[in-house]
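Please keep the sequence and the structure in view while reading.

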Amino acid sequence: MEVDEVPPIIDDCDTIPAKKQALSKEQKQTLAEEKKAQGNEYYKRKEYKLACDLYSHAIDMCPECAALYGNRCAAKMMLNRYEEALQDARQSTKLDQTFVKGHLREGKCHLALGNANAAVRSYTIVLQLDQNNQEAKKEAEVAQNSQKYETEADSDFDKKDYRKALYCMDRCINLSPACLKYKIRRAEALALLKRYQEAQEQANDILQRERMNADALYVRGLCLYYQGNVDKAFQHFQQVLKLAPDHDKARHVYKKAKLLTTKKQEGNEKFRCGLWQSAYDLYTEALNIDSHNIFTNSKLYCNRANVSTKLKKLDEAIEDCTKAIALDNNYQKAFHRRAKCYMETEKYEEAVRDYEAILKRDTTHDRHCNATEEDKKQEEIKFKECGEAYSVLSDSHKKECYDNGQDLDGGGCGMDIDPDTIFRSFFGGAGGFPFSDFEAPSSGGHGYHYGHPPGGHGGFPGYAFNFQNI
């Protein structure tokens, strides 16, 4: 970006008389030219802050000079201070409506700030003053591209094509690097694409500059809500509505989040009261509220699966557990609940796969250190279930009976197989370790192991199953 060429005159800003009113008009103009020349020299050296200060001193001497505001505008643009630069550009064209550079810089400021329509208007004025101005033609085309991408993004958001909306927002930001609106919409698209960390980073970057930016707070609240941190999400939505009572998006999501939480809690209460069908219906209503909240919906599917087991609808329970796992592949409770359903429907191979998946995902070995007696009993039950499945699959005769639809507990199919032996064989092979002797390490140097009485089966030391009821 160019500024007017003036021979540099090295002078210090402190030489400006304290009482400038004592200077004549000619003296002020001379001093202003000196400061402008010095500012131009610093601008060439890319020392834009010093250039900006010198232009300000020149403006103090000659506040009616359009070129001085134009030069300071150029320096502020190089400092990415586009809003301040825009004010200088407007002042320069106010003082001289034929000042082409002023109109051109005003258009660039508008575009950088994301106002492509205003940018096009400024470039149109430039071309009216200078129809052969190639820079104005080029910049007008860039502004029109920005308009196109913004319009496409609006349509993509409406169609819920958030990937395309993200693409359009990236293009807009390339053309308008100082536009917070585009950055916020980009963060929103990331959140709706479940890229929560990136969305929060973008929102946090905006909030560092504008602590009370309602749109950025909304996006951060949206991420918290979709990640299951409902209380903090509610706090964010409440803060947004205090700052911007007409924020429709925040009000809509807040209302939806409260309804989802209420339905889930009502379903849980009906379940605790043994009203299975009512609980099932409430969970179903909750699942229809917000398809984007995958973590809450995963829990709802798992809860509804639990209700289905009470209603003896095991196939439906398996289907809901599968949906829960599809939404959250690390949801241990859903794997365990589905494995139990597979056991009850004699689908032992599927049960084994789920129990194996549980073991692979549960790598926090030292969580048994503080296990209660009840926890130990629950672990023993889970081991027994898995052991039963393995006992069928590891014995060819039992598996043949199962495949033929025979009663495994009937004559000829019963076989006393120690689950500890089966697990030792499965996990450790010939050189495996006995589960009853396994000691789980802990950060404090203390171990914990499950023992088993003579003739009993071994536990699952080293693996924590943190399954709780609804």
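## Basis of the model

The model is predicted; local features need pLDDT of at least 70, side-chain atom pairs count only at pLDDT 80 or more, and totals for chains, interfaces and linings use all residues. Residues are numbered from 1 along each chain as its sequence is written, and side-chain values use heavy atoms, with hydrogens and water left out.

Helices are DSSP runs (H or I, at least four residues), numbered from the N terminus.

Helix 3 covers residues 66–78, and its 13 residues should span 18 Å at 1.5 Å a residue; the end C-alpha atoms are 19 Å apart, which agrees. The expected span is 1.5 Å times one less than the number of residues.

Just after helix 3, N80 has a positive phi of about 65°.

## Helix 3 against helix 4

Two packed helices are described by the angle between their axes and the distance between the axes. For helix 3 and helix 4, the angle is about 160° and the axes are 8 Å apart. The two helices are therefore roughly antiparallel to each other, a term for angles over 145 degrees.

On the helix 3 side, the contact (heavy atoms within 4.5 Å) includes A66, Y69, C73 and K76. On the helix 4 side, Y82, A85, D88 and L95 are among the residues taking part. By class, the residues of this contact divide into 8 nonpolar, 3 polar and 4 charged.

## Helix 17 against helix 18

Helix 17 (residues 332–344) and helix 18 (residues 348–361) pack at about 160°, with axes 8 Å apart. That angle makes helix 17 roughly antiparallel to helix 18.

Residues of helix 17 including F335, A339 and M343 meet residues of helix 18 including A351, Y355 and I358. This contact has 9 nonpolar, 2 polar and 5 charged residues.

## A loop residue, K313

K313 lies in the loop between helix 15 (294–310) and helix 16 (314–327). Its relative accessibility is 33%, so K313 counts as partly exposed, the class between buried and exposed, the latter being over 50%.

Leaving aside neighbours within four places in sequence, K313 is in contact with Q277 and S308. The C-alpha atoms of K313 and C341 are separated by 9.6 Å, although the two residues are 28 residues apart along the chain.

How values were computed. Axes are lines fitted to C-alpha atoms, for helices over the stretch in contact, and angles run from 0 to 180 degrees between N-to-C directions. Angles under 35 degrees count as roughly parallel, over 145 as roughly antiparallel, 65 to 115 as roughly perpendicular and the rest as oblique. Ala, Val, Leu, Ile, Met, Phe, Trp, Tyr, Cys and Pro count as nonpolar, Asp, Glu, Lys and Arg as charged, and the others, Gly among them, as polar. Buried means under 20% relative accessible area, exposed over 50%, partly exposed in between (1.4 Å probe, protein chains only).
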